[in-house]
Amino acid sequence: MAAPRTILVTGATGYIGGRLVPRLVEKGRPVRVLARDPDRVRSRSWSERVKVAVGDVLDLAALAEALDGVGTAYYLVHSMGSGPGFHELDVRAAHTFGQAAANAGVEHIIYLGGLGAGANLSPHLRSRQECGEALRQGGVAVTEFRAAVVVGAGSISFEMVRYLVERLPVMVCPRWVYSRVQPIAVDDLLDYLVSALDFPACRGRTIEVGGRDVTTYGGMMLGYARARGLHRLMLAVPVLTPRLSSYWVHWFTPIPTDITRALVEGLRNDVVVTDDLAHRLFPHIEPQDYASAIGGVLEELRRSSGGSGLAAPSV
């Protein structure tokens, strides 16, 4: 029996990648990670159990080396914090990676994009979907998962919610608090990403994933407040544009303005699952409801603080 081919994980020091790698290692998979700064990998508890390729997704020579002998590659990178032109950079990087993967004989790319539909998607959400198309242009089979807010400590979109609720007893909110959203617990999302390795039927498919509940961004904030035993009042006003909203979020969170602006612009779009393909392909995965997902976050935070209370929000 042939040995399993290497799995490459890009974005391994990011929020999702940093949680995905140990899961793959625990399953006995041979893992290689691509990193621009190998020192960031060495600080991880799993660093001695993976191979490290140095480079980035725009460097064809580095990609050729990193993808040598790889069967499946996870594409988990984005450049949202790089400034206003991040979407063009993201699409160019995805196109480069897809072509390099095809040249190296990679069989499967697993990509995490964003939910959302229609002609009026924000630049951030549109670029996430354009990246999926750019990856496919190389000719390698792509499994594209699309998710909305990932509920977990350290997830930027969820930390934005957590910061605002923890810090503001009264929130003057823009109209996007009424946009519909289907958040997903990080553990459930990781279950999908890992399961895709062993389900050939998911190759070449775009799969929308979400938790059990459809709510609104306002509902997410009030749900978090209930879980924390906090009384919070929300006042929605129509005058806060996405640009002004991003400044408002930045004032009360440490998230950089470039990132908050990209995120807030996306909040005007409903981001919900529109078909049941995920359930049909992965019936063994039963996503949690939002309250359970928050309970998991709070328990993780208590453990990280040694049981002395919740750690301060961080990104």
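In which sense do strand S1 and strand S4 (residues 70-75) pair, parallel or antiparallel, and over how many bridges?

Author: S1 and S4 pair in the parallel sense, over four bridges. The model is predicted: local features need pLDDT of at least 70 and side-chain atom pairs pLDDT 80 or more, while totals for chains, interfaces and linings use all residues. Residues are numbered from 1 along each chain as its sequence is written, and side-chain values use heavy atoms, with hydrogens and water left out. Strands (E, at least two residues) and helices (H or I, at least four) are DSSP runs numbered from the N terminus, and two strands pair if DSSP finds at least two bridges between them.

Within S4, Ala73 is the bridge partner of Leu8. S1 is also joined by four bridges to strand S2 (residues 31-35), and these two run parallel as well. There, Thr10 has Leu34 of S2 as its bridge partner. In general, the strands of a sheet pair through backbone hydrogen bonds, either parallel or antiparallel.

S1 itself (6-10) is mostly covered, since five of its five residues are buried; buried means under 20% relative accessible area, exposed over 50%, and partly exposed in between (1.4 Å probe, protein chains only). Thr6, Leu8 and Thr10 point one way from the strand, Ile7 and Val9 point the other way, and all are buried.

S2 and S3 run parallel and are joined by four bridges, and Arg32 stands opposite Lys51 in S3.

Thr13 counts as buried because its relative accessibility is 18%. Apart from neighbours within four places in sequence, Thr13 is in contact with Arg40, Val41 and Arg44.

H1 (residues 15-26) in turn packs against helix H7 (residues 186-195) at an angle of about 60°, with their axes 10 Å apart. H1 is therefore oblique to H7; under 35 degrees counts as roughly parallel, over 145 as roughly antiparallel, 65 to 115 as roughly perpendicular and the rest as oblique. Among the residues making the contact are Tyr15, Ile16 and Arg19 of H1, and Val186, Asp187 and Leu189 of H7. H7 is largely enclosed by the rest of the structure, because eight of its 10 residues are buried. Those buried residues include Asp188, Tyr192 and Ser195.

Notes
Axes are lines fitted to C-alpha atoms, for helices over the stretch in contact, and angles run from 0 to 180 degrees between N-to-C directions. Contact means heavy atoms within 4.5 Å.
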